[in-house]
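Biologist: I would like to learn how to read a model of this kind, taking one feature at a time. Could we begin with the helices and then move on to pockets and charged pairs?

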Amino acid sequence: FGASYYVSYLVGYGMLREMGALMVGIIMSGRTGAAFAAEIGSMNVNEEIGALETLGISPIVFIVFPRMLALVLLMPLLVIFADLVGVLSGMMISNLMLDQSAPIFIKGFLEAVGLPDFLLGLGKGVFFGVIVSASGCLRGLLSGKSADSVGQAATSAVVTSITMIVACNTLIDYIAATFGI
């Protein structure tokens, strides 16, 4: 029916607005959020956080803020990389399976998506970075004083951040649809 032309629309719209940021957010949740929770939880078990407080150093400023800043700055770059890999993979698959040439794919892609779609995905990446880092650091700070509680904190950080990412994604999409973005 000639619908293969719209593959570029679906790939571009899906990757730039939704899948790029969601994939990066979920992967970073499982990898970095758990690592933050485990590392800070281990610091809590070894009473390093208590030692910082005794010295008059805020654990939030010294431990949490640098991790949050690093992840918030890194997430847009990872989203751009995921978008690039996703769009190039979609172009390759449409070329191999649908015999659609690269110029036709690119033309359909550029007609379908624009800068607002790309910026919406980047904005989601920033929000997801805040969610992942805050969840990981919070669960690490709230972990108990045993080794078992460190593992529970890491698991809890992953579950919390993935749940919050899905909820935040729904809210952002609702707001974007309300304002016609």
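Biologist: Which residues of helix H4 are buried?

Modeller: The general idea is that an α-helix has 3.6 residues a turn, so residues three or four places apart point the same way. In this model, which is predicted, helix H4 spans residues 102–112, and its buried residues are Phe105, Gly108 and Phe109. They lie on the same side of H4, because they cover an arc of only 105° around the axis. These buried residues pack against helix H1 (7–45) and helix H3 (59–98), whereas the face of H4 turned away from the buried side carries the exposed residues Pro103, Lys107, Leu110 and Glu111.

Biologist: Which residues line the largest pocket?

Modeller: Rolling a probe the size of a water molecule over the atoms shows where empty space is left. Here the largest pocket has a volume of about 160 Å³, and its lining consists of Leu16, Ile80, Asp83, Leu84, Val87, Leu88, Phe109, Val113, Gly114 and Phe118. Helix H3 supplies the largest share of that lining, with five residues, and by class the lining has eight nonpolar, one polar and one charged residues.

Biologist: How many salt bridges are there, and which parts of the chain does the pair of arginine 17 and aspartate 117 tie together?

Modeller: Side chains of opposite charge can pair when their charged atoms come close. The count comes to five salt bridges. In one of them, the side chains of arginine 17 and aspartate 117 meet at 2.6 Å, N to O. Arginine 17 lies in helix H1 and aspartate 117 in helix H5 (residues 115–141), so this pair ties together parts that are 100 residues apart in sequence. Both arginine 17 and aspartate 117 are buried.

Biologist: Where do glutamate 39 and arginine 67 lie?

Modeller: Glutamate 39 and arginine 67 form a salt bridge whose closest N and O atoms are 3.0 Å apart, and this pair links helix H1, which holds glutamate 39, to helix H3, which holds arginine 67, across 28 residues. Glutamate 39 is partly exposed, at a relative accessible area of 40%, while arginine 67 counts as buried at 17%.

Biologist: Are lysine 107 and glutamate 111 buried or exposed?

Modeller: Lysine 107 and glutamate 111 are both exposed, and their side chains meet in a salt bridge at 3.8 Å, N to O. Because they are four residues apart in helix H4, about one helical turn separates them. Elsewhere, Glu18, Lys124 and Asp173 are linked in a network of salt bridges.

Note on methods. Residues are numbered from 1 along each chain as its sequence is written. This is a predicted model: local features need pLDDT of at least 70, side-chain atom pairs count only at pLDDT 80 or more; totals for chains, interfaces and linings use all residues. Side-chain values use heavy atoms; hydrogens and water are left out. Buried means under 20% relative accessible area, exposed over 50%, partly exposed in between (1.4 Å probe, protein chains only). Helices (H or I, at least four residues) and strands (E, at least two) are DSSP runs, numbered from the N terminus. The arc is that of the directions from the helix axis to the C-beta atoms. Contact means heavy atoms within 4.5 Å. On a 1 Å grid over the protein atoms alone, a cavity is a set of points where a 1.4 Å probe fits but cannot get out, and a pocket is an open set with protein on both sides within 12 Å along at least five of seven lines; lining residues have an atom within 4 Å of a point. Grid points are joined across faces, edges and corners, and a volume is the space filled by probe spheres set on the points. Ala, Val, Leu, Ile, Met, Phe, Trp, Tyr, Cys and Pro count as nonpolar, Asp, Glu, Lys and Arg as charged, and the others, Gly among them, as polar. A salt bridge is a side-chain nitrogen of Lys or Arg within 4 Å of a carboxyl oxygen of Asp or Glu.
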